[in-house]
Amino acid sequence: MDWPAIQEKWRRRWDEAHIFEADPDPDRSKFYLTVAYPYPNSPQHIGHGRTYTLTDVYARYKRMQGYQVLFPMAFHYTGTPILAMSERIESGDKELIDTFADIYKVPREVIPTLTEPIKIAKYFHQEIKAGMKEIGYSIDWRREFTTIDPQYSTFIQWQFNKLRDKNLITRGSHPVGWCPKDGSPVGQHDTLGDVEPEIGEYTLIKFRLDDHQLPTATLRPETVFGVTNIWIRPEATYVKADVDGEPWIISREAAEKLQYLSMKITVKEELKGSDLVGKEVENPLTNTNILILPASFVDPKNGTGVVMSVPAHAPYDYQALKDLAAESEILKKHNIPQELVESIKIPVIIASEGYSGIPSEQIIEKMKITDQNDPKLEDATAELYRHEFHIGEMAEGTGRYRGLPVSKARDSVKDDMLSAGTGYTIYEILNRPVVCRCGTECIVKIFEKQWFIDYGDQEWKDLARRCLERIKLLPEDIRSEFEYTVGWLKRKACARKSGLGTNLPWDEEWVIESLSDSVIYMAYYLISKYVNTYNLKTEQLGPDVFDYILLGEGNSQSVAEKNSLDEEVLKRMREEFEYFYPLDSRHSGRDLVPNHLTFFIFNHSAIFPEKDWPRQIVVNGSVLMEGKKMSKSFGNIIPLRDAVKTYGADPLRLSILATAELLQDADLSLGLVKTFRERLERFYDTAVSVIEDRAVADMGELRTEDRWIISRLQRIVEQATDAVNRLRVREAIHNIVYQADQDAQWYLRRSRIDSGEDRAKVIAEVTHQLIETRVRLLAPFAPFISEEIWELMGHKDFISAAGWPKADESKIDIKAEEGEELVKGLLDDTLNIVRVTKIRPSRVVYYTSSEWKWTVYLSALQLADEGSLDTGSLMKELMENGELKSRAKEVSAFAKKLVEEVRTVPSDMREKRMKIGILGESGILEAAKGFLEKELGADVSIYNEDDSGRYDTKNRAGFSKPYRPAIYVE
């Protein structure tokens, strides 16, 4: 197949027909969906393709259901990453230049021209757009914009003025993720790997060493009562420094870092960690002296580079102390007697149900941890910390805090130490290292006079929760993550002093950052079409224009006059907004739940009336390549355009979606892409042959296998429709591609024995129906080949705009379904017997059940359906039947065997079989006799076990059961 030619043909035809351009249509229901607009600092790779392809499949599905579907796209230029990239290119950075050339496939002669941020953005903008077209996304490109378009900036300034008017924007000092090199706050979009810096509050506890303080950073200040020693890294450099007028000893890295937290630090002298090892410090709460011990695991960049050891409640500390006690050479090197370490007593200062003795020791033994390098220590630490925080109580040796729940003692101890001057608060990045795109590790800075969006405002949180309650989430399992985020969100830095973007309207020194100008832009798509069509200028888009279009405030005539707008154009913008809003479905990756998607909820709830709040959010996991995360270091990043060129758009679309449901991480392999390509090509060849062989005629008489495939087709339509409605696309693809193919192959196999002309016409017509339905089911997932087959079938319209199949209940034939499953199962069982016995069969005999067995079976089904099936209740009912009573011993033996089998029958199958009654197995098998003989290469005979003249030399007939005829092979 010539995939490039087919793809180009249908892209061109779609463009010429403008079939994806959506305008208000009062005669059709609308469906408006969006996906995150991409940041153009690199081409999209196949990992990005999952979220976008999922959104496009949904858009195409809804379009085929008859909705007026709007699926627009724009480009997010806002931010600082491309600033650093352009600087690195200008400086001749070989690593980045090689990445651009070898991974991003940027021609080497083009790279030197990308020394300005805007040029990088424009280059990758066009690359991404081309890739979206090539993979077949059904986008309305008339609405395209970038986030640095002046018209878009007027919209964002309107948004920010609205927030400020509601007192939801504040100014003050606050900890933010910070790049020391760029001198800017950083968020998810500014870091390598799109990692959001998670900022946590640490308590510094000041242990006294002679005339200096040796502060340790901890998230668990209540454990200070259980400190047995201090850990120091011997080879690290530490400093004696004046910190806000107090003499401290901390790591050199900490001295540099803490200055960003508004602390005045003057370094007096440097010393090695080994100079401190072996000395004693005083615990500020217990006034006991404890030893400083060496530890290579101490990270001088983390906290203060000084770590307090609480071995009873910190598995890492327990294991490290145990390991050190056995390291006589290390202790000897630092002149520490081994017996001194071995004699350290480990106080237990937290009591909790499930632990007695030393909790760390218990959990280490339970998890079979052997040394401090065991990765299971991380799990042990998390489990013990969580357990003690939720159900632990402060125990003996904790003074006045004894008896307090750990959750309360933590704050009490911290507050008391802060008041006494023995504690201090600092902020640290919890998920470090987080690296800025410029290559610098990020830290925390207390930013002075910073502008914030106050997501901590309680009234706003309540409004956001109400909005969230109304939103349908796919999958629903993600709701707890949204609820958690709404709860913990506080103030979010919303502007910086560098980068591309929109200036704050009231303070133009500041540029609104990328996670703050991208939360209600879905509303702007409904305006951008008119901005692009009529070339509207910024001066024509005053705040009152947005008030009128988006909020319905003001008078069209006066607003139009004031802004030099055509009143009809203004009215049409308002009508467009009223038609398409609210947003019906928002699509994004799971990594955006803690930020963008929750900000999206907050901002909609603050700015728009309830009727315009979003209706649905769809969240999906990421994509792995051959089981590995996509990364330049793994060499497994494949640009989307390259993949389409190599494998074809349709096979790639299916492969991206086929391996996982929404929240699971999809595992893509190039082998799977090739498999899908082969399947699609085989389907195409089958369709072509069916189309060529078909002569339109009356259907004629249908056999069991015909009624079965037609019925199965209705089931597949039902199941696929249900799956796509829930965006369980893996399940949908399984039904449309795999299950439908298996059914079709079985039908063709069943039909192969018939050679008559009339029969051939029936088979051709049934197969044509099968192909036509399957291709419509396939269209949202594989649009190019579906359009090609649709046209070959003689249709003049686009399959992209054709109707989605609907199941015809009148064509569902449960008796045909069970009959054909009987034939399938019986053939499989027979072939297994032949395979195991290694017999070359000359004759196969099938024995169907006596009618009395059917009476027993159907009675058992009925009792199982009522939930009262057991041998006693079944026999009681059966003995009311005179005929059965006359053979009570035989019936009893059969009933006992049957009870357990019937209990395992699924409820839907049970219901179906009760509706059918006696299946009529003998007639079904007689009709399939020719097929079975051809498949088995043997003569086939069918008897009922009551037939007096049956051939049954081995007395097999008595083993027959309903739906399980007995088999004899000779």
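Helix α22 (residues 649–658) and helix α23 have axes that come within 8 Å and cross at roughly 125 degrees. That makes α22 oblique to α23, where angles under 35 degrees count as roughly parallel, over 145 as roughly antiparallel, 65 to 115 as roughly perpendicular and the rest as oblique. Welcome to a predicted model, in which local features need pLDDT of at least 70, side-chain atom pairs count only at pLDDT 80 or more, and totals for chains, interfaces and linings use all residues. Residues are numbered from 1 along each chain as its sequence is written, and side-chain values use heavy atoms, with hydrogens and water left out.

**α22 with α23**
- α22 passes α23 in a right-handed crossing (the near helix is turned clockwise from the far one by less than a right angle).
- On the α22 side, the contact (heavy atoms within 4.5 Å) is made by Asp650, Pro651, Leu652, Leu654, Ser655 and Ala658.
- α23 brings Leu672, Val673, Phe676, Arg677 and Leu680 to this contact.
- The residues of this contact divide into eight nonpolar (Ala, Val, Leu, Ile, Met, Phe, Trp, Tyr, Cys and Pro), one polar and two charged (Asp, Glu, Lys and Arg).

**α23 with α25**
- The axes of α23 (residues 670–693) and α25 (residues 729–751) come within 12 Å and cross at roughly 55 degrees.
- That makes α23 oblique to α25.
- α23 passes α25 in a left-handed crossing.
- Leu672, Phe676, Arg679 and Arg682 of α23 meet Ile733, Val737, Tyr738 and Asp741 of α25 in this contact.
- Here the residues divide into five nonpolar, no polar and three charged.

Terms used. Axes are lines fitted to C-alpha atoms, for helices over the stretch in contact, and angles run from 0 to 180 degrees between N-to-C directions. Helices (H or I, at least four residues) and strands (E, at least two) are DSSP runs, numbered from the N terminus.
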